[in-house]
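Open the model in your viewer and get ready to select residues by number. This tour says what to pick next and what is there.

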Amino acid sequence: MFPVVVGLNYRTAPVEVREKVSVHHSQIVETLKRLKDNPAIDGVVLLSTCNRLEIYASTKDLEDGIKTIKKFFLAQSQDTEQKIIDYLYVYTMDQTIQHLFRVVSGLDSMVLGETEILGQVARAYELSCKADVNNKMTNVMFQKALAVGKRVRTETGIDNYSTSISYIAVELAKQEMGDF
């Protein structure tokens, strides 16, 4: 089994591209089941937020697994010219785990240490459990990642001063316009 993540985020894709591939929360379980139906995917978790769409999977064949996930992005975006591929990043093996740990710790967020991502990752994992599309690798990967995210927040205080992007936007608006 090989871990892989294919995704796009606020660094790699503008909002209009991220909107094209977004998966509504009511469709995530169905989408996970469709992904898992492909023989190249042994376990899968879909992380969908306003700033990212990432598909974490375990696969017996990295090339087939990556190809399957890229096809999903192409279909989701309805991109016949395959321009979406230019916005995607792919991490495999240890890079997948490292990326997930950075995400869950708030190190890969627009606002360093933002607090919402830990809950979003937990919900993504819960939905994959609900859809019964996990395997041992994705279970261990996400359970460890969630523990790491909690530990980072507890031991480093990374989230003591940072909050969500929306909170920061309101605070900036207050500075410019006064109380409203």
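This is a predicted model: local features need pLDDT of at least 70, side-chain atom pairs count only at pLDDT 80 or more; totals for chains, interfaces and linings use all residues.

**Stop 1: the largest core**

Start inside. Select Leu8, Leu46, Leu53, Ile55, Ile69, Phe72 and Phe73. These residues have the most contacts inside the largest nonpolar core, which has 26 residues. Now colour the elements that build this core. Strand 1 (2-9), strand 2 (43-49) and strand 3 (52-59) each supply at least two residues. So do helix 1 (15-21), helix 2 (28-36) and helix 3 (62-77). Which helix gives the most to this core? Helix 3 does, with five residues. In soluble globular proteins, nonpolar side chains tend to be buried together.

**Stop 2**

Zoom in on Phe72. Is Phe72 buried or exposed? Its relative accessible area is 8%. Buried means under 20%, so Phe72 counts as buried. Next, show what Phe72 touches beyond four places in sequence: Val23, Thr31, Arg34, Leu35, Leu46, Leu53 and Ile55.

Leu35 is on that list, so select Leu35 next. Leu35 sits in helix 2. This leucine is buried as well, with a relative accessible area of 5%. Leaving aside neighbours within four places in sequence, Leu35 is in contact with Ile41, Val44, Leu46, Ile55 and Phe72. Now try the distance tool. From Leu35 to Ser58, C-alpha to C-alpha, it is 12 Å in space. In sequence, Leu35 and Ser58 are 23 residues apart.

**Stop 3**

Select helix 2 and helix 5 (residues 116-130). Their axes are 9 Å apart, at an angle of about 65°. Helix 2 passes helix 5 in a right-handed crossing. Which residues meet here? From helix 2, pick Ile28, Val29 and Leu32. From helix 5, pick Leu127, Ser128 and Lys130. By class, this contact has four nonpolar residues, one polar and one charged.

**Stop 4: the rings**

Show the aromatic side chains. The model has four aromatic pairs. Begin with Tyr56 and Phe142. The ring centres are 5.3 Å apart and the planes are at 90°, so this pair is edge-to-face. Tyr56 belongs to strand 3, and Phe142 to helix 6 (residues 136-156). The pair links distant parts of the chain, 86 residues apart. Tyr56 and Phe142 are both buried.

Phe73 is buried, with a relative accessible area of 0%.

**Stop 5: Asp42 in a loop**

Select Asp42, in the loop between helix 2 and strand 2. Is Asp42 buried or exposed? With a relative accessible area of 13%, Asp42 is buried. Show its contacts beyond four places in sequence. They are Met1, Lys36, Ser58, Thr59, Lys60, Val133, Asn134 and Asn135.

**Stop 6: out to exposed residues**

Pick Lys136, in helix 6. This lysine is exposed, at 69% relative accessible area. Check one distance here: Lys136 and Leu146 are 15 Å apart, C-alpha to C-alpha. They are 10 residues apart in sequence.

Finish with two backbone angles. Most residues other than glycine have a negative phi. Gln82 has a positive phi of about 60°, although it is not a glycine. Look for Gln82 in the loop between helix 3 and strand 4 (89-92). At 47% relative accessibility, Gln82 is partly exposed. Asp132 also has a positive phi of about 60°. Asp132 lies in the loop between helix 5 and helix 6. It is exposed, with a relative accessible area of 64%.

Conventions. Residues are numbered from 1 along each chain as its sequence is written. Side-chain values use heavy atoms; hydrogens and water are left out. A nonpolar core is a set of buried Ala, Val, Leu, Ile, Met, Phe, Trp, Tyr and Cys residues joined through side-chain atoms within 4.5 Å. Buried means under 20% relative accessible area, exposed over 50%, partly exposed in between (1.4 Å probe, protein chains only). Helices (H or I, at least four residues) and strands (E, at least two) are DSSP runs, numbered from the N terminus. Contact means heavy atoms within 4.5 Å. Axes are lines fitted to C-alpha atoms, for helices over the stretch in contact, and angles run from 0 to 180 degrees between N-to-C directions. A crossing is left-handed if the near helix is turned anticlockwise from the far one by less than a right angle, and right-handed if clockwise. Ala, Val, Leu, Ile, Met, Phe, Trp, Tyr, Cys and Pro count as nonpolar, Asp, Glu, Lys and Arg as charged, and the others, Gly among them, as polar. Rings of Phe, Tyr and Trp (its six-membered ring) pair if their centres lie within 6.5 Å; planes under 30 degrees apart count as stacked, over 60 as edge-to-face and the rest as tilted.
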